[in-house]
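Welcome! Here is a short briefing to read alongside the structure. Take a look at the fold first, then follow the topics below.

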Amino acid sequence: MNTHLSILSEVKAGNYKALARALTFVENNIGPADSILKGLDSKANTTVLGITGPPGAGKSTLVNAVTNYFAAIGKRIAILAIDPTSPFNFGSLLGDRIRMSNQFNNPNVYIRSLATRGALGGISAKTIEMVDVLKASNFDLIIVETVGVGQSEVEIAGLADKTVVVLVPESGDEVQHIKSGLMEIADCFVINKADREGADVFANNLKKIVHQGTKAIPILKTVADKNTGIDEFCAWIIQPLTPDHSRKVFLFAEKAWKIIQHQKMQHIDKKRLLERIQAAIKLDNFNIYRFAEEFVNES
């Protein structure tokens, strides 16, 4: 049997070791990665839940609480935790999330960390492909937790079936951004750490802004580290999706664009680029725009 067919067969059977291999192939674009992706079932309908929001909102703690809820009732959960990238070695800074460490021995839970590798919107160029591989492994829910870097986080809406924006009572500045970005991507707002002072006032202010929009967006309050409000949130997560085919066409066009863009750029050697810049930056006439053009022409 061809290598990619063998791996896909094991992935579909729920073999985590095969899944880890397949994800590594795809993330690094090595071995049978292309064949694995082309062999995926495009009709896989596992719900992808996007979790985004500002740093410090407790996204990882919320994901952990949601995972505990579904794993306890026998559901299989995959978590793709997208972490900040180290500018020095292009690796993940956070690695496997400490707050989710109790999940690693749970047979119903699979966790994978992924570095953004310079993607400004918190979505790695390989995130889409890795989510598609996870869909092939018959999970009941796939959770994608992003870095949370502000308005550029709208990219998650192109990947997730449902997008959750997590805020805290002190998120006054983020409310201003809602009008110009987050409102467009949020299917649900979660006010985490809702036991803090000002949570009710913040929730009311957020409701006023939401009511000005064109779609009804639920606003839920949670205290994830105390498991408060998690049942209600999970009940929303499992509600049936309302298909939006007009949006799906747009999202698939964006998906194709990212795949084509990645294929066009895959010949660029990032380490060589770094070495070249280290030398070029010492020159008096260094110009990053001329340098980039020359580097692309040479590659």
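Strand 5 and strand 6 run parallel and are paired over 4 bridges; strands pair if DSSP finds at least two bridges between them. Helices (H or I, at least four residues) and strands (E, at least two) are DSSP runs, numbered from the N terminus. This is a predicted model, in which local features need pLDDT of at least 70 and side-chain atom pairs count only at pLDDT 80 or more, while totals for chains, interfaces and linings use all residues. Residues are numbered from 1 along each chain as its sequence is written, and side-chain values use heavy atoms, with hydrogens and water left out.

- The 7 strands form an open sheet in the order 3-2-4-1-5-6-7, with parallel pairing.
- Strand 3 and strand 7 (219-221) are the edge strands, each with a single partner, so one side of each has no neighbour in the sheet.
- From one strand to the next, the twist averages 20 degrees.
- Strand 1 (residues 47-52) is joined to strand 4 by 5 bridges, and the two run parallel; here Gly50 has Val144 of strand 4 as its bridge partner.
- Strand 1 also pairs with strand 5 in the parallel sense, over 4 bridges, and Thr52 has Val165 of strand 5 as its bridge partner.
- Val165 in turn has a bridge partner in strand 6, Phe189.

**Strand 5, covered on both faces**

- How many residues of strand 5 are buried? The count is 6 of its 6 residues, where buried means under 20% relative accessible area, exposed means over 50%, and partly exposed is in between (1.4 Å probe, protein chains only).
- One side of strand 5 carries Lys162, Val164 and Val166, the other Thr163, Val165 and Leu167, and all are buried.

- Helix 5 lies across strand 1, strand 2, strand 3 and strand 4, at about 170 degrees to strand 2.
- Thr67 sits in helix 4 and is buried, because its relative accessible area is 0%.
- Leaving out residues up to four places away in sequence, Thr67 touches Ile77, Ile79, Gln103, Val109 and Ile143.

**Helix 8 and its buried face**

- Which residues of helix 8 (residues 230-237) are buried? They are Ile230, Phe233, Cys234, Trp236 and Ile237.
- Viewed down the axis of helix 8, these buried residues fall within an arc of 155 degrees, so they line one face of the helix; the arc is that of the directions from the helix axis to the C-beta atoms.
- An α-helix has 3.6 residues a turn, so residues three or four places apart point the same way.
- Among the elements covering the buried residues of helix 8 are strand 1, helix 4, strand 4, strand 5, strand 6 and strand 7.

**Nonpolar cores**

- The largest nonpolar core has 30 residues, and Leu19, Leu134 and Val144 have the most contacts inside it; such a core is a set of buried Ala, Val, Leu, Ile, Met, Phe, Trp, Tyr and Cys residues joined through side-chain atoms within 4.5 Å.
- Two or more residues of this core come from each of helix 1 (3-12), helix 2 (16-28), helix 3 (33-38), strand 2, strand 3, helix 5 (127-135) and strand 4 (141-145).
- Helix 2 gives the largest share of this core, 6 residues.
- Another core, of 27 residues, lies apart from it and includes Val66, Ile143, Phe233 and Cys234.

**Asparagines in loops**

- Asn106 lies in the loop between strand 2 (77-83) and strand 3 (109-115), and counts as partly exposed because its relative accessibility is 22%.
- Asn138 is in the loop between helix 5 and strand 4, and its phi is near 60 degrees, a positive value in a residue other than glycine.
- Asn227, in the loop between strand 7 and helix 8, has a positive phi as well, near 65 degrees.
- Most residues other than glycine have a negative phi.

Note on methods:
Axes fitted to C-alpha atoms, helices over the stretch in contact; angles between N-to-C directions. Contact = heavy atoms within 4.5 Å.
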